[in-house]
Amino acid sequence: MADRITGAERTIPCEGLFIAIGLIPENGPFADLAELNGYGYFASGEDCLTRTPGVYVAGDCRSKAIRQLTTACADGAVAALAACRYVNERK
Ligand SMILES: Cc1cc2nc3c(=O)[nH]c(=O)nc-3n(C[C@H](O)[C@H](O)[C@H](O)COP(=O)(O)OP(=O)(O)OC[C@H]3O[C@@H](n4cnc5c(N)ncnc54)[C@H](O)[C@@H]3O)c2cc1C
């Protein structure tokens with residue numbers, strides 16, 4: 001392994017390796033429906049709304065401070081209830 005700043009190399013003895021080099025959202029195909037921020041995440045708030053009525057975003061795909069299972073599940077509940085309201089208002 002090489003230090004990116006100093007260039008110094010060293011060996012770390014181990015039996016396994018998990019490589020995590022970042023995440024890139026693949027939201028581009030939906031950009032017409034929901035605005036993207038500069039990082040490619042859906043620019044939606046805690047209400048999970050998009051600029052398109054009836055279209056909601058939830059979980060890691062949207063702009064947020066903390067990407068965890070709990071925040072993704074919370075988004076799912078918020079988006080699902082908003083979708084229910086949307087459908088009920090059109091009955
Ligand atoms: C290495 C790692 C460790 C983590 N550890 C933790 C932890 O310890 N605790 C914690 O709370 N959170 C952890 N997280 C974060 C957590 O996994 C995410 O916040 C959570 O899974 C987000 O849920 P999601 O439903 O938004 O997205 P995902 O769980 O990523 O689900 C998206 C789904 O959409 C599918 N999909 C993608 N593109 C398409 C397509 N074009 N068509 C159909 N399906 C598609 C994918 O296959 C996937 O099944 C970790 C994440 C990583 C990467």
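A polar contact is a pair of N or O atoms within 3.5 Å; within protein, one atom must be able to donate a hydrogen and the other to accept it, and residues adjacent in sequence count only if both atoms are side-chain atoms. The model is predicted, so local features need pLDDT of at least 70 and side-chain atom pairs count only at pLDDT 80 or more, while totals for chains, interfaces and linings use all residues. Residues are numbered from 1 along each chain as its sequence is written, and side-chain values use heavy atoms, with hydrogens and water left out.

| Residue | Protein atom | Ligand atom | Distance |
|---|---|---|---|
| Aspartate 60 | polar side-chain atom | oxygen | 2.8 Å |
| Glutamine 68 | side-chain N or O | nitrogen | 3.3 Å |
| Leucine 69 | polar backbone atom | oxygen | 2.9 Å |

On its own the ligand has 1000 Å² of accessible area, of which the protein covers 26% (Shrake-Rupley method, 1.4 Å probe; for residues, only the protein chains shown count as cover).

Leucine 17 lies in the segment before helix 1 (69-88), helices being DSSP runs of H or I with at least four residues. Leucine 17 is exposed (over 50% relative accessible area), at 68%. Lysine 64, also placed before helix 1, is buried (under 20%), at 14%. The lysine 64 side chain reaches the backbone oxygen of threonine 71 at 3.5 Å.

Notes: Helices (H or I, at least four residues) and strands (E, at least two) are DSSP runs, numbered from the N terminus. Buried means under 20% relative accessible area, exposed over 50%, partly exposed in between (1.4 Å probe, protein chains only).
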